[in-house]
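I set out to look up a few regions of this model and to note what each one showed. The entries follow in the order in which I made them.

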Amino acid sequence: MFDFVVYLEFSTVEENGNNQDRRRMEYGSGGGGGSQSPGEQDGSDSQGRRKRYHRHTANQIQRLESMFKECPHPDEKQRMQLSRELGLAPRQIKFWFQNRRTQMKAQHERADNCALRADNDKIRCENIAIREALKNVICPSCGGPPLNDDSYFDDQKLRLENAHLKEELDRVSSIAAKYIGRPISQLPPVQPIHISSLDLSMASFGNPGMVSPSPAPSLNLDLLPAGTSSSMPHLPYHSPCLSDTDKSLMSDTASNAMEELLRLLHTNEPLWIKSNTDGRDVLNFDTYERMFPKPNNRPKNPNVRVEASRDSGVVFINSAALADMFMDPNRWTELFPTIVSVARTIQVISSGMMGGCSGSLQLMYEELQVLSPLVSTREFYFLRYCQQIEQSTWAIVDVSYDFPQDNHFAPQYRSHRRPSGCLIQDMPNGHSKITWVEHVEIEDKTLPHRLYRNLIYSGLAFGAERWLATLQRMCERLACLMVTNSPTGDLGGIISSPEAKRSMMKLAQRMVTNFCASISTSSGHRWTTLSGLNEIGVRVTVQKSTDPGQPNGVVLSAATTIWLPIPPQTVFNFFKDERKRPQWDVLSNGNAVQEVAHIANGSHPGNSISVLRAFNTSQNNMLILQESCIDSSSSLVVYCPVDLPSINIAMNGEDPSYIPLLPSGFTISPDGQAEHEGDGASTSSNLNANRKIGRSGGSLVTVAFQILVSSLPSAKLNMESVTTVNNLIGSTIQQIKASLSCST
């Protein structure tokens with residue numbers, strides 16, 4: 001028997017990069033009696049004089065401990081609130097929480113190690129008892145010793161010992177992964193589980209991540225560093241130095257923008273007129289210029305277009321919760337994963353009143369995307385201002401701020417946001433009515449790609465209708481995530497608990513987010529076009545992946561977009577139907593698939609999460625996790641091969657954060673052409689019946705794959721891998737066109 005004991009080393013949280021700064025910090029009882037900055041850890045100032053440690057009062061420690069129990073990782077707004085309440089500097093608050101978290105980790109480590117040692121001793125005693133029992137085994141027939149001492153009992157002994165060792169190793173791996181913040185191995189630790197009816201003869205799906213590089217000429221593609229999907233190379237990491245005058249001007253700009261937005265939201269004709277073709281609200285620019293005259297201090301640019309749209313609808317969430325989500329850039333990104341590729345708060349200009357978000361003003365950065373490598377992202381630096389109009393009514397406005405020309409933000413303008421945003425009003429039964437306005441100036445340095453030109457110029461690509469449709473779908477998804485007593489609709493009772501359902505939904509959400517990032521044209525991605533497939537070509541990008549939840553190594557992403565003369569709803573139904581999967585999935589080798597688990601994500605039957613099993617005898621431990629999403633603006637089908645132990649982790653309700661995912665899939669959007677009667681269908685019971693995803697006769701379909709080229713981050717991309725993914729996309733497109741009877 002071996003002793004599996006984890007020894008985790010923790011250093012002082014705040015370090016200056018010098019080894020001599022790693023020393024014990026005296027904070028009094030409980031590690032929460034005081035705090036100090038990194039430069040103060042040596043106990044002396046710049047002139048060599050000794051400095052006294054700052055001792056917190058009992059009331060301060062009590063308040064900090066109370067806050068720590070509620071939120072061990074307070075954000076900047078919470079730290080500022082504590083700073084005002086306790087009379088401490090924000091830096092002191094920050095260091096206190098960092099040191100307290102370090103102390104808690106050390107305490108948990110010691111307790112877990114003691115428990116592991118006790119388990120080791122127990123198993124060792126059991127092992128000794130088994131060995132002693134084996135020495136006294138007699139043959140039941142003759143009463144003598146067994147003829148083959150290694151046959152039956154040795155096998156049972158080894159099985160028992162093996163089970164104990166696996167259980168112990170998995171427990172140690174789980175604890176270590178929890179405290180060092182990353183998985184011990186490539187796959188997350190698998191807890192001992194009872195295999196349910198899911199353990200059928202699982203088929204191999206042919207994981208695209210299993211392409212093994214062989215010696216071949218390397219391809220001259222730039223290797224992106226790890227984490228590029230969410231980085232912003234041009235965004236300064238340090239907040240700008242804003243004077244009180246700057247902040248005052250920003251506050252005035254935000255207040256004026258809020259007044260303009262409210263008038264845009266509440267005024268109809270002649271400011272907004274109904275379109276004769278689709279009934280959408282269209283801004284009358286002449287009336288707008290008269291109502292909101294602007295100073296002529298900005299030179300006219302002939303390449304600038306103005307896009308304006310307004311839409312309204314009902315979402316299943318209350319106004320206060322939605323306002324909080326909009327003011328948090330991380331939750332904002334999670335709420336719109338198909339639209340927002342990057343969002344950051346650069347600086348908080350003013351915090352909300354009474355600890356809430358009303359009155360909050362932030363300088364922010366975001367990149368907006370259409371899910372295709374053919375459409376460039378739109379970058380905005382803007383002010384976001386939140387205001388509670390009434391008890392149950394909130395307004396949030398976004399407006400670009402005109403920095404001076406010598407400011408480092410000014411040269412990076414690609415888009416300019418006029419007052420835009422939404423009004424959120426509470427309705428009965430937890431619903432809210434949303435009225436959304438999008439009003440932007442776009443500088444087209446180059447014409448959009450011809451496939452997306454109509455969609456972009458019509459305002460559907462980035463307009464209010466798309467924002468609202470996505471918000472309605474995601475709010476339904478959040479509601480399904482919170483419901484604990486609704487049936488999951490899975491086959492055989494595999495997803496048997498609310499925890500398992502939530503874990504599966506979180507895993508699928510991360511899969512979709514990863515997929516959207518893989519085909520983004522954000523400033524962190526550099527796409528290279530390969531010729532030979534069609535007039536558009538396949539676009540590829542290479543990235544070094546080291547993030548938790550992704551396979552470590554070099555990942556090749558490839559995507560292309562095609563036009564199909566078929567309504568988007570028909571194309572979505574084709575991809576969604578598991579019975580038709582062998583018609584387009586070249587990796588399934590023509591084998592049928594069966595849905596073994598199903599979770600509804602909304603009122604539309606197309607919004608769902610599925611676990612699929614492929615009928616193939618080459619392997620029996622591979623499943624397909626798939627999520628399909630559809631709303632009035634677009635739809636997507638994303639899938640990823642996941643092995644059986646990983647699926648069982650999620651189905652046991654455990655944390656799926658470290659399950660590696662490398663998703664592929666399809667995005668489907670209308671082509672923006674004039675509407676053909678009879679095409680499409682209503683997408684949701686709470687969407688306007690006049691909105692149809694099939695408002696056009698054709699569809700724009702983006703096909704995207706990801707493959708793990710090598711598990712070595714330093715590996716070079718070779719031409720064989722590029723050829724493999726190029727052929728994979730080409731074969732998939734050919735089969736899609738053949739199945740849908742599209743010759744072009």
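**Entry 1: The second largest pocket**

I began with the second largest pocket, where α11 makes the greatest contribution to the lining, giving eight residues. The model is a predicted one, and I read every entry with that in mind. I noted about 1,300 Å³ of space in this pocket. Its lining comprises 47 residues, and T333, E334, R510, T513 and N514 are those nearest the centre. I then listed the elements that give two or more residues to this lining: α8 (329-335), β7 (340-350), α10 (464-482), α11 (498-518), β15 (538-545) and β16 (553-564). By residue class, I recorded 21 polar, 19 nonpolar and seven charged residues in the lining.

**Entry 2: The cavities**

The largest cavity holds about 230 Å³ of space. I counted 19 lining residues for the largest cavity, with L455, R466, S633, S634 and S669 nearest its centre. At least two lining residues come from each of α9 (450-457), α10, β20 (635-643) and β21 (664-670). Of the elements, β21 gives the most to this lining, namely four residues. I classed the lining of the largest cavity as nine nonpolar, seven polar and three charged residues.

**Entry 3: The nonpolar cores**

I turned to the largest nonpolar core and recorded 44 residues in it. Those with the most contacts inside this core are L322, F326, F336, I434, W436, Y452 and L471. I noted that α10 supplies the largest share of this core, six residues.

I then examined W436 on its own, setting aside neighbours within four places in sequence. W436 is in contact with L265, S309, R310, D311, F326, W332, F336, G421, C422, A464, W467 and L471.

**Entry 4: Helix α13**

The buried residues are L644, S646, I647, N648, I649, A650 and M651. I looked up what covers these buried residues, and the cover includes α11, β17 (593-600), β18 (608-614), β19 (622-630) and β20. After α13 comes G653, and I noted a positive phi for G653, near 80°.

**Entry 5: H73**

Where is H73 found? I located H73 in the loop between α1 (58-70) and α2 (76-86). H73 counts as exposed because its relative accessibility is 59%, and the cut-off is over 50%. Leaving out residues up to four places away in sequence, I found that H73 touches Q78 and R101. I also noted F97, which is 24 residues from H73 in sequence and 7.4 Å from H73 in space, C-alpha to C-alpha.

**Entry 6: Cysteines**

How many disulfides does the structure hold? I found zero disulfides. I looked up two cysteines for their accessibility. C475 has 2% relative accessibility and therefore counts as buried, the cut-off being under 20%. C742 has 9% relative accessibility, so C742 counts as buried as well.

Terms used. Residues are numbered from 1 along each chain as its sequence is written. This is a predicted model: local features need pLDDT of at least 70, side-chain atom pairs count only at pLDDT 80 or more; totals for chains, interfaces and linings use all residues. Side-chain values use heavy atoms; hydrogens and water are left out. On a 1 Å grid over the protein atoms alone, a cavity is a set of points where a 1.4 Å probe fits but cannot get out, and a pocket is an open set with protein on both sides within 12 Å along at least five of seven lines; lining residues have an atom within 4 Å of a point. Grid points are joined across faces, edges and corners, and a volume is the space filled by probe spheres set on the points. Ala, Val, Leu, Ile, Met, Phe, Trp, Tyr, Cys and Pro count as nonpolar, Asp, Glu, Lys and Arg as charged, and the others, Gly among them, as polar. Buried means under 20% relative accessible area, exposed over 50%, partly exposed in between (1.4 Å probe, protein chains only). Contact means heavy atoms within 4.5 Å. A disulfide is a pair of cysteine sulfur atoms within 2.5 Å. A nonpolar core is a set of buried Ala, Val, Leu, Ile, Met, Phe, Trp, Tyr and Cys residues joined through side-chain atoms within 4.5 Å.
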